[in-house]
Amino acid sequence: LDQVVGSSGWGSFNNGDTVHIEGSAAGIYNIATVVKKVVIIGPGYFWGDNPKTSNDLYDAKIARINFNGGSGGSTVIGMNVVVNGNSAHGYIQIADDSITVKRCRIERSVYFDITGGSGLQLATIIQNFFPSGFTPNNALLETNSGFVPPIDLIFNNNICQKTLIWHWGNGNSANITQCKNNVFD
């Protein structure tokens, strides 16, 4: 996964393709940068807590996923986004419209990276697990003062062992379109 998803380096993908990521005992996949519409499906996580549900107990750990320009409409499901010795790890970055992050374990945050112009049209963050123990201690993050927030942000059915702080720059804030049925521990 140490390639750009949708370029010739990681494989030849078309918009709308689905990529299944295998869990591995060999280590952590490096950063994936998505530049085409794609569905990424991992096997899930917490296999050690549910040992009779799979042939092996390997989750698909990845250091970071970047949804860059061209990735609009993409979805990631069932990945374990972990910190791997670098302060840039443990994030899912969203920089295009209509991105869905679903059923992932995310050690740091979902990070929005849009500056200037208009905000993203839709970001859907649903059914994820945000563990405590890593800085920053918030589920959604943007620190650039030129940031324009998403027009529609859906944050539903997540389990957060960290706070939900939705601000950027000098304390600016924005609305979350939906924030329902979340558990904050």
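**The sheet and the core**

Reply: Begin with an open sheet of six strands, paired in parallel, in the order β2-β4-β7-β10-β13-β16. Keep in mind that this is a predicted model.

Me: Which are the edge strands of this sheet?
Reply: An edge strand pairs on one side only. The order of the open sheet starts with β2 and ends with β16.

Me: What does the twist average from one strand to the next?
Reply: The sheet has six strands in parallel pairing. From one strand to the next, the twist averages 10°.

Me: How many helices and how many strands does the chain have?
Reply: The open sheet uses six strands. The count for the chain is zero helices and 20 strands.

Me: Which residues is Val 76 in contact with, leaving aside its neighbours within four places in sequence?
Reply: Val 76 is among the residues with the most contacts inside the largest nonpolar core. Ile 65, Ile 92 and Val 101 are also among them. With close sequence neighbours left aside, the contacts of Val 76 are Ile 40, Ile 65, Phe 67, Ile 92, Thr 100, Val 101, Lys 102 and Cys 104.

Me: How many residues does the largest nonpolar core have?
Reply: Several elements give two or more residues to this core, including β4 (38-41), β10 (99-102) and β13 (123-126). Ile 125 is one of the residues with the most contacts inside it. The size of the largest nonpolar core is 31 residues.

Me: What share of the 185 residues is buried?
Reply: Buried means under 20% relative accessible area. Cys 160 is buried, at 0%. Cys 179, at 39%, is partly exposed. Across the chain, buried residues make up 45%.

Me: Why is Cys 160 in no disulfide?
Reply: A disulfide needs two cysteine sulfur atoms within 2.5 Å. For Cys 160, the nearest cysteine sulfur belongs to Cys 179. Cys 160 is in no disulfide because the limit is 2.5 Å and that sulfur is away by 8.1 Å.

Me: How many disulfides does the count come to?
Reply: Cys 179 is in no disulfide either, with the sulfur of Cys 160 as its nearest, 8.1 Å away. By the 2.5 Å rule, the count of disulfides comes to zero.

How values were computed
Residues are numbered from 1 along each chain as its sequence is written. This is a predicted model: local features need pLDDT of at least 70, side-chain atom pairs count only at pLDDT 80 or more; totals for chains, interfaces and linings use all residues. Side-chain values use heavy atoms; hydrogens and water are left out. Helices (H or I, at least four residues) and strands (E, at least two) are DSSP runs, numbered from the N terminus. Buried means under 20% relative accessible area, exposed over 50%, partly exposed in between (1.4 Å probe, protein chains only). A nonpolar core is a set of buried Ala, Val, Leu, Ile, Met, Phe, Trp, Tyr and Cys residues joined through side-chain atoms within 4.5 Å. Contact means heavy atoms within 4.5 Å. Two strands pair if DSSP finds at least two bridges between them. Axes are lines fitted to C-alpha atoms, for helices over the stretch in contact, and angles run from 0 to 180 degrees between N-to-C directions.
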